Every structure is written in C-alpha cells, then in structure tokens.
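Please read it beside the sequence and the coordinates.

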Amino acid sequence: MPDQLLYATEAALNGLMAGVLYSLVALGFVLIFKASGIFNYAQGVLALFAALTLVGFQNGQVPFAHLINAVFGTDLHHFGWQLPALVAIVLTAGVMVALAIVIERYVLKHLVNQPPIILFMATIGMAYFLEGFGDIMWGADIKKLDVGLPQGLNETIDAVTFEAFGYGFFIDNLDIVASVVAALLVISLTLFSQYSKQGRALRAVADDHQAALSVGISLRFIWVLVWSIAGFVALVAGIMWGSKSGVQFSLSLIALKALPVLMLGGFTSIPGAIVGGLIIGMGEKLFEFFIGPMIGGATENWFAYVLALLFLVFRPQGLFGEKIIERV
Amino acid sequence: MKDMTEGYTTADGRRIGPVLMEMKNITLRFGGVKAITDISFDIREGEIRAIIGPNGAGKSSMLNVISGFYVPQEGEVWFKGYRRGPMRPYQVARLGISRTFQNIALFDGMSVLDNIMTGRLTLMKSGLLNQALWWGRAEREETEHREKVEKIIDFLEIQAIRKTPVGRLPYGLKKRVELARALAAEPKLLLLDEPMAGMNVEEKEDMSRFILDVNDEFGTTIVLIEHDMGVVMDLSDRVVVMDYGKKIGDGTPDEVRSNPDVINAYLGVAHD
C-alpha cells in the first residue's frame, strides 16, 4: 500500500475512535430530547460534574472544602483515603440519580406544560448553576482522572500492521475501550427502551403527556428515570473524556461538539447519534489530512459545523430523524 | 359506606349491579366561569351510562372530573363505596378507570401493538431492575401481557394494522386503537369521550357494536359522552342530560326523551 493511503487509513481509524467519544455526549442529548422534548443544554456540564465527583470520591476529597475552611477556619482537604475506582463509580452514579431527583423536584415539576423554549432556558440556568456548584464542591483545579483504563499505544495493532504494511498504526487503547463501552451502552439502552415496561412508558411520555397520564404513567417517575439515565451516560462520557484530557472546565465545552453530531444524526435517533459521531470524527480527520494542508490546516475546528450546516440545508431532520410531515 | 346491594334489570334482561361510582354535588369552576354546577348522579356496575347535552354543556368537563384531570372545587366523588380524595390522573388510571379522548390522544410514533401494550403498564408488576436486566419476572410477564393484548386486537378486528405506526392510520381506526388501549388495562370503568365523533355511518355502527360487545363480554361499566342522539338512545341504559353546566334530566332513554326540559334544551323553547 502506498504511504499516503496508509496514513489516511490511520487518520480515518483515529477519527472513528474520536467520533465514538462525540457520540457518547450526543447520546445524552438524544435521550432527554426523545423522552421530554427538551434540548438539555446542561448535558456537557453534567459530564463535567460527574467526572469531578468521581475524582473527588476516588481521592477522598472533602466536598465543599474551601467553603468549610473559609467559614470555620479549619484546614480540611482530604479524608485521607483512596477509594477503589469501581466503588467511586457506583457512588457517583448514586449522586447522578440524586441530582436527577433534585432536578425533577425543584425545576421540571414546576414547568409542566410549558413550551419547550422555557424548558430549554431552564436547562441553561441549570448548566451555569451546576458549573459553579461543581467548582465549590470539588475545587476548580485541573485534575487527573485514572480509573484504571488502559491507555497509550496499542502494541498488538502496531505490531500487526507493521508486519503487514511496514508501517505501524498508532491506535490509543483508551479509544478502543471507549468504542466498546459506547457500543455496549447503545445496545443496552436500545433494548431497554424497546422491550421493557419503563422503556415503553418513556416513549409514551415523549409522545403525549395527557395520553400517558390516562394509561397510568407517572410523569414524575419517568422524568427522574430519564435524567438518571442521562446522568449515567454523562458519567461514562466524563470518564472517557476525563481520562483522555484531564478533568477541567473545558470538559463542559465538548457539548458543543455534540451539536453537529445531533444535526447529522437527527435529534431523535440513538443510532443516529452514533453514526453522526462516527461521520464527524472520521470526516474531520480525513478532511484535515487531505484538504487541510492546502488551506493552511486547523480545519478540525470548523469542519464539523460546516458539515452540519450543509445537512441543515439539504436534510434538516438529519440522517435518522423522524421526518415531520404536516397533514393539512 | 353506602348500601350497595340494590340493582335493577334492563329491558333486554341484563342485570345491572350496585352503585360503582357516585358523583355528589359536583361544582367545577374555571376562574369565574362555572363549567359544572351542583351535579349529582350515580353509575352502576355493568351499566352503559351516557352523558349528553348541547355543545358547551360541560360533558367533557364532567368526564375529566371522573378521570382526575380536573379536580372539582365542591362535591364528592365516591368510587367502589369509598370517597376518592383529590388524585392525579395516573393514580385514577391505576384504580381501574380507563378513558379515551375526544381529540384522540395516542402515541403517534409507536406501533399499534406498542400503543395497546402501554395500556397494560399499570398491570405489570416487575420492578425497574428486573426490567432493565430483562430477567426473572420481566420476560414471563411480557409474554403473558402480549397474549392478552392479542386477544383485544382480535376482538376489535385490528389484526391487519398491528405493526403500523399509529400516526399513519385513518381517523376511524385511530379511535378503535384508542379503545383497544383503554380496554387493555382491564378497566372496571371505561370512559368514552365522543367515541363516534367525526365518523361515517358504517364506522359508527362498528363502534356501537364494539361498545355493546365490550359491555357484554367483559362486563365493563361504560360512561360515554355523545352528540348523536340516535346512537345514545340505542346504546345506553340510563342517560344524564346536561345543559349550561346543570343537570336537566336523568333516567332511561325513554324517560329522558319525553322530559320537557330536555326537549327545550335540544329543540329550543316553544313560544306559543
């Protein structure tokens, strides 16, 4: 194989893996949008908050340490223990469920029957609140997240490809793990929403609130459930992104990368979020590889958005979204 | 508790049981507008009870009070001999009261089968964890409920459209699917809000037949609201007539038909 093609293949593979990470964030958006028609602006911050909490638990950080120290003049920072990764993850999942209950109780419950734009505004508020709350709770410094996922060059792939083509592909182990986790997550979520009683109730609520009530579905329970699942997906995304680039404020901005993914895949489709993420991930790497040098590089910053724009013009419902047909 | 031993036999020989639900002095206001003023009536087990009246008489409001969508400012609702406190609609549904809507409220994105399966949600017992892992009770339950749903599908003759997304169905069939979903909950009391509105003669006949069959085969008590006087008189055992939020008549179709107040409300007052 000519070198150029080899490099391109490697870039495409890496793009696919990065795309999986975009998909993970997009997935959180799709879940909430499908179930409640809310575009949840806070999804990125949710991932940041989950990652912060996870690191905090793992390192035995004292929550609200700065606040406590400032008020009581103490000098607390750490409990002095290290929790195993698995325990910390379970605890964090618990916190995300608690957060879902709080969100339902204090925000959503009061906004039943409001137009979607109001709910959207509420999620913007939640995003800023959570951002600050996360800071106060766990501190604003950049943290390293290590839950024991394999990282760095995958030597088997390197060796095999070197054997075959005389050029070793660089594939990060973390990216491979992320792909597997994302695949499992999507399969289980799809099965859950298609075949379980709660999944069916969830789709029913998404479709028509009044009808859902009349068949005995409690809206509040379903909302707590949806936000818990979204929190859980945010936790997974937070773990993956946090392991890759550290836990810091910029983590919440990955939500922006999920937007073009959603426009491509369609806001209402779980497979769409995955395929959209893959296309964007691979597209931006290949574009950078082939076209980038001709126009001065750094195309990865804007390529996704331009692609999304084209989709908006030619296929506004996305690849897998439901086409809205107005009956007259 | 109220005495529930009485009952009566209809002209066609069906035995009507004791009182299932009783509305006592219900008054419902929206701001300054009185939608319902001091209305009382009872619904007996096994009965087909109609609520009729001209447009804006408060019929749908009454149905919404029964199904918990509206909470009346005054009056009491008694069900199965107990006074019902203010309840959320989903709690009322779990008591065994199912309903259909005047402007169909189905889940358009879901198939007919899935729509009807939602009707059985309240009857499924397995918990979140079982369902999430599709383990133990969950799988057994799904099969069981699926069988019941298939029976209802056969009963209402909608086998051909089982897998079709509801959004694509014509109006008459949607109404039938909505009835199927309500039936799937195996309700004690079935509320039908204008089940025949907007239907042609043939569809109306089908729907009438289904309503009678449901009452006959499952012994379901039915409360229905309808505009079409002919249909109401043929179907129902007893009729409540409403006008401007007040009750102006209550009795068998024949009694109601000869009630001068009812004639006035429907045909206008005779000026002589």
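Two residues are in contact if their C-beta atoms, placed from the backbone, lie within 7 Å. By this rule, the contact between the chains takes 20 residues from chain A and 26 residues from chain B. On the side of chain A that touches chain B, the elements that give two or more residues are α7 (173-195), α8 (197-207) and α9 (209-214) of chain A, and α8(A) gives the most, with seven residues. Helices (H or I, at least four residues) and strands (E, at least two) are DSSP runs, numbered from the N terminus.

This is a predicted model, in which local features need pLDDT of at least 70 and side-chain atom pairs count only at pLDDT 80 or more, whereas totals for chains, interfaces and linings use all residues. Residues are numbered from 1 along each chain as its sequence is written, while chains are lettered from A and ligands numbered from 1 in the order in which they are written.

Chain A has 13 helices and zero strands. Its 328 residues would, as a compact globule, have a radius of gyration near 20 Å, and the 21 Å of chain A agrees with this; the radius is taken over C-alpha atoms, and the globule rule is 2.2 Å times the number of residues to the power 0.38. Of the 328 residues of chain A, 43% count as buried, that is, with 20 or more other C-beta atoms within 10 Å of their own, C-beta atoms being placed from the backbone.

Within chain A, helix α1 (residues 3-36) packs against helix α12 (residues 270-290) at an angle of about 145 degrees, with their axes 6 Å apart; axes are lines fitted to C-alpha atoms, for helices over the stretch in contact, and angles run from 0 to 180 degrees between N-to-C directions.

| Contact | Nonpolar | Polar | Charged |
|---|---|---|---|
| α1(A) with α12(A) | 19 residues | seven residues | two residues |

Chain B holds an open sheet of six strands in the order β8-β9-β10-β5-β11-β12, with mixed pairing; two strands pair if DSSP finds at least two bridges between them. Strands β8 (97-99) and β12 (246-251) of chain B stand at the edges with a single partner strand each, so one side of each is left without a neighbour in the sheet. Strands β5 (residues 48-52) and β10 (residues 221-225) of chain B pair in the parallel sense over four bridges, and Ile48(B) has Ile222(B) as its bridge partner in β10(B).

Key: Nonpolar A, V, L, I, M, F, W, Y, C, P; charged D, E, K, R; others polar. Buried ≥ 20, exposed ≤ 12 C-beta atoms within 10 Å, placed from the backbone.
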